[in-house]
Amino acid sequence: MSAESPPSAACLARPAWSGLLVVAAVLVTVEMAVSARYGYHRDELYFLAASKHLAWGYVDQPPLTVALAGLAQRVFGDRLIGLRLLPALAVGVAVVLAGLIARELAGAAASRAAQILAAACVAGSGVTIAIGHLHSTTTFDLVFWTALLLTLVRLLRTGDARLWFVVGVLAGVGLLNKATVLQLATVCLVGLLTDRRGRTLLATPHFAAAMVIAGAIASPYLAWQAGHGWPQLEIFADLRRDDGGLGAGLAFIPLQALMTNPFLTPVWLLGLLWLLRSPEGRRWRPVAVGYLLLLAFYLVVGGKPYYAFGFYPVLFAAAAVRLATRGGVRGRPLRLRRALPAVGLVAVIPLPAAERTEAVVVTGNYGEAGALERFATVDTATRTFSGHNSLWFFDRPARDDTTAIAVGYSQS
């Protein structure tokens with residue numbers, strides 16, 4: 001099929017909507033049942049504090065997650081369960097998208113079992129469960145990566161270059177949430193360049209249009225960064241010093257197994273091999289190449305192990321297709337009633353009164369500042385300051401402040 005040909009719905013099996021929605025509903029229900037537990041994460045407190053200073057960008061991130069935190073607080077008030085509703089729904093969406101990726105990979109052969117198994121594997125992964133419990137950029141990033149990879153898989157299956165427009169919109173909105181979308185775009189671009197069909201798709205004017213669309217949507221964030229001297233680049237350099245290095249690089253790949261769930265590691269490895277080596281999966285090899293390139297990048301520079309998690313919905317989907325159509329080592333297709341149970345199994349300083357009324361609080365970390373804004377009295381919250389990340393821009397103590405409480409600083 002040419003790059004200009006429209007997709008054919010007849011080439012696909014019907015989506016297993018009922019099964020996919022059940023898996024997603026179970027995950028969302030579990031996340032919401034424990035959403036009020038364990039208290040606030042420091043990032044959540046930071047997002048709530050930053051949401052009082054809405055802008056198109058911050059020194060350490062784009063605006064979307066902060067804006068959503070502000071929206072949740074406006075709708076639900078200071079209730080942790082309300083703040084964590086959107087993250088729970090987000091991972092539910094990612095689970096459904098994983099099932100739809102399996103449908104694309106198998107075409108007409110996509111059984112209901114393959115779609116539901118892919119969704120269940122993503123739902124049972126440790127990172128999915130963890131980030132669904134937190135309002136964080138990583139949570140919404142998973143949705144954008146999964147949606148982008150679903151669109152790319154469909155693009156490679158159909159050759160319909162009009163799907164580049166969808167890629168452009170998703171990438172642009174994704175960049176308003178987290179800059180790691182650029183990493184996904186880069187490694188997938190290189191992956192496409194290694195494939196003849198991929199190069200054909202990149203040569204269409206639709207691809208150029210997609211880049212323009214993505215840039216236009218993300219332009220307010222990019223303009224904010226440019227207007228403030230690109231501070232996020234400094235944050236990236238700091239993160240590389242803190243989380244990078246030889247040790248972090250060498251640990252990155254082994255930690256993928258622990259992060260996704262050790263019992264599910266053989267599953268996504270099977271999916272990776274299916275994409276790289278099987279005749280059926282060869283069409284989507286650029287996706288597998290992109291995943292390997294991302295691993296190689298973090299092997300060199302180091303990084304937090306969950307940075308590559310956005311690729312796993314595709315790998316789980318590929319494995320689900322392989323297991324549902326050709327089975328395991330004996331070649332028997334996997335029965336859903338046997339697979340799902342297995343996936344389920346694996347898943348303050350006293351001050352004199354006069355000083356206390358005049359003191360300001362200066363924190364060394366955005367987490368402490370966020371906690372004080374959230375839990376302290378209104379008077380104390382308005383006298384809390386920090387020079388960490390975007391909080392440096394928000395406000396500063398007055399020159400005539402004589403008493404300060406330092407939080408999070410070492411005595412040295």
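This is a predicted model: local features need pLDDT of at least 70, side-chain atom pairs count only at pLDDT 80 or more; totals for chains, interfaces and linings use all residues.
Biologist: What makes the contact of E104 with R154 a salt bridge?
Modeller: The side chains of E104 and R154 come to 2.6 Å, N to O, and since the cut-off for a nitrogen of Lys or Arg and a carboxyl oxygen of Asp or Glu is 4 Å, the pair qualifies as a salt bridge. The two partners lie in distant parts of the chain, with E104 in helix α5 and R154 in helix α8 (residues 137-158), 50 residues apart.

Biologist: What makes R84 and E44 a salt bridge?
Modeller: The closest N and O atoms of R84 and E44 are 2.8 Å apart, which is within the 4 Å limit, so the pair is a salt bridge. R84 sits in the loop between α4 and α5, while E44 belongs to helix α2 (residues 42-50), and this pair therefore links parts of the chain that are distant, 40 residues apart.

Biologist: How do you know whether R84 and E44 are buried or exposed?
Modeller: R84 has a relative accessible area of 1%, and E44 likewise has 1%; the limit for buried is under 20%, so both R84 and E44 are buried.

Biologist: What makes D160 and R162 a salt bridge, and which class of accessibility does each belong to?
Modeller: Between D160 and R162 the closest N and O atoms are 2.9 Å apart, so the pair falls within the 4 Å limit and is a salt bridge. D160, at 4% relative accessibility, is buried, whereas R162, at 44%, is partly exposed, because 44% lies between 20% and 50%. Elsewhere, salt bridges with shared partners join E104, R154 and R157 into one network, and the structure holds four salt bridges.

Biologist: What makes α6 a mostly covered helix?
Modeller: In α6, 11 of its 12 residues are buried, including I116, L117, C121 and V122. The helix reaches 17 Å from its first C-alpha to its last, close to the 16 Å expected. Helix α1 (residues 17-33) has buried residues as well, among them L20, V23, L27 and M32, and the buried residues of α1 pack against α4 (80-83), α5 (85-106), α6 (112-123) and α7 (126-131).

Biologist: How do you know that L295 is buried, and what is it in contact with?
Modeller: L295 has a relative accessible area of 9%, under the 20% limit, so L295 is buried. L295 is found in helix α17 (residues 285-301), and, leaving aside its neighbours within four places in sequence, it is in contact with F252, Q256 and A308.

Biologist: Where is confidence in the chain lowest, and where highest?
Modeller: The chain averages a pLDDT of 84, and 77% of its residues score at least 70. Confidence is lowest in helix α22 (residues 378-381), at a mean of 54, and highest in helix α9 (residues 163-175), at 98. Over residues 1-9 the pLDDT is below 50, although this stretch has 23 contacts in the model beyond near neighbours in sequence.

Conventions: Residues are numbered from 1 along each chain as its sequence is written. Side-chain values use heavy atoms; hydrogens and water are left out. Buried means under 20% relative accessible area, exposed over 50%, partly exposed in between (1.4 Å probe, protein chains only). Helices (H or I, at least four residues) and strands (E, at least two) are DSSP runs, numbered from the N terminus. Contact means heavy atoms within 4.5 Å. pLDDT is the predictor's confidence in each residue, from 0 to 100. The expected span of a helix is 1.5 Å times one less than its number of residues.
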